[in-house]
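Here are some notes to go with the model, jotted down point by point. Have the coordinates open while you read.

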Amino acid sequence: MKKKILSIVLTSALLAGIAYQFKPTDTKAATKNLNLHFIDVGQGDAIYIKTPNGDDIVIDGGNKAKGDIVVDYLKKQKVKDIEVMISTHPDADHVGGLDEVLEAFKVKSVYAPNVSNNTQAFKQFLTAVKNEKLKIKPVTAGVKLNLKGVSAEFVGPVKSYSKSDLNDWSAVLKLVYNKNSFLFTGDAESKSEQDMIKSKKDLKADVLKVGHHGAKTSSSQAFLDKVKPKIAVIGVGANNRYGHPTNDTLNRLKKYKTKVYRTDKNGSVVVTSDGKKITVKTEKK
Ligand SMILES: [Zn+2]
């Protein structure tokens, strides 16, 4: 009975347009934590962020075949709708699963760099965006996301690159929650890293989503010197044919005594921040 009354109250709250404070699914908002989920999708990236205000952000969706894993993961996290979807760049191991996410959830905005790819995976993504009646908002350095409780600004791509450098087009997001900061680099390589350094944006971050799955062509020493990460997360498949992550990258990360987590060894990685302290939980030890 009580439940029924509560649901009536909530329904009228929704009707009154003050659903914000009463959103029944926002139980995590009360704890005022920021949660980052680096979902294990094998070789590729898929990241889910729940902001302290209860907003949902998805960055990349893994390969086409991994879309259902991402959808299931988001459903387990009780995601109802997605405020911000970001496709870092149009490579299949990032954009491939996003069409399934678009079909499964109400998505309110989609961000992607202004570059295309002539692949099936990218075309399906564009079709799914169209079916949701959305228009892609182009990402360049300086674009900000309008979210409460956190500051979120793209620091890359600083420039346009050639179509053969799709990785350098990657949307790079810097997220700040109180004293903690996070950098999501997509597959940005050293050319883009150099341009971000030259742009003089503050790149410092406690947590770094390592660029391009730990390839040696990303995470240059000059870039890491600016980021100074305490925690690094690598989205990578076990025994992948690219040899990711490379020892070069892992060794460069050692300079800052960075604690490295990888989805091939740790499974999905969940990073939680209360605005001051960061804790990490992994699916596997
Ligand atoms: Zn990739």
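1. A cut-off to start with: a residue is called buried when its relative accessible area is under 20%. Ser219 has 1% relative accessibility, so it falls in the buried class. Keep in mind that this is a predicted model.

2. Staying with Ser219, you'll find it in the loop that runs between β13 (207–209) and α8 (221–227). Once neighbours within four places in sequence are set aside, Ser219 is in contact with Glu193, Val210, Gly211, Leu224, Thr249 and Arg252.

3. Now the chain as a whole. There are ten helices and 17 strands, and of the 285 residues, 56% are buried. If you take contacts with a separation of 6 or more, 65% are between residues 24 or more positions apart. The accessible surface is about 13700 Å², and carbon and sulfur atoms hold 54% of that.

4. On to the sheet. Eight strands form an open sheet with mixed pairing, in the order β8-β7-β5-β3-β2-β1-β16-β17. The edges are β8 (137–138) and β17 (278–282); each has a single partner strand, so one side of each has no neighbour in the sheet.

5. Within that sheet, have a look at β1 (residues 34–38) and β16 (residues 269–273): they run antiparallel and are joined by five bridges. Leu34 sits opposite Ser273 of β16. Helix α3 (residues 67–76) packs on the sheet, where it touches β1, β2 (46–50), β3 (56–61) and β16. The direction of α3 makes about 165° with that of β3.

6. Which residues coordinate the zinc ion? The donors are Asp93 (OD), His94 (NE2), Asp187 (OD) and His213 (NE2), at 2.1 to 2.2 Å. Written as a sequence pattern, their spacing is D-H-x92-D-x25-H. Asp93 belongs to helix α4 (residues 92–95), while Asp187 is in the loop between β12 (180–184) and α7 (190–198), so this pair ties together parts 94 residues apart in sequence.

7. Why is the arrangement around the zinc ion irregular? Four donors count as tetrahedral only if all angles lie between 85 and 135 degrees, and the four donor atoms here subtend angles of 86 to 156°, which makes the arrangement irregular. For reference, the ideal angle for four tetrahedral donors is 109.5 degrees.

Notes: Residues numbered from 1 in each chain as written. Predicted model: local features only at pLDDT ≥ 70, side-chain atom pairs only at ≥ 80, totals over all residues. Heavy atoms only, no water. Pairing = 2+ DSSP bridges. Helix = DSSP H or I, 4+ residues; strand = E, 2+ residues; numbered from the N terminus. Contact = heavy atoms within 4.5 Å. Axes fitted to C-alpha atoms, helices over the stretch in contact; angles between N-to-C directions. Donors = N, O, S within 2.8 Å, 3.2 Å for Na, K, Ca; no water. Tetrahedral: all angles 85-135°; square planar, octahedral: opposite > 155°, others 65-115°. Buried < 20%, exposed > 50% of the residue type's maximum accessible area, 1.4 Å probe, protein only. Areas by Shrake-Rupley, 256 points an atom, 1.4 Å probe, with all protein chains shown as cover.
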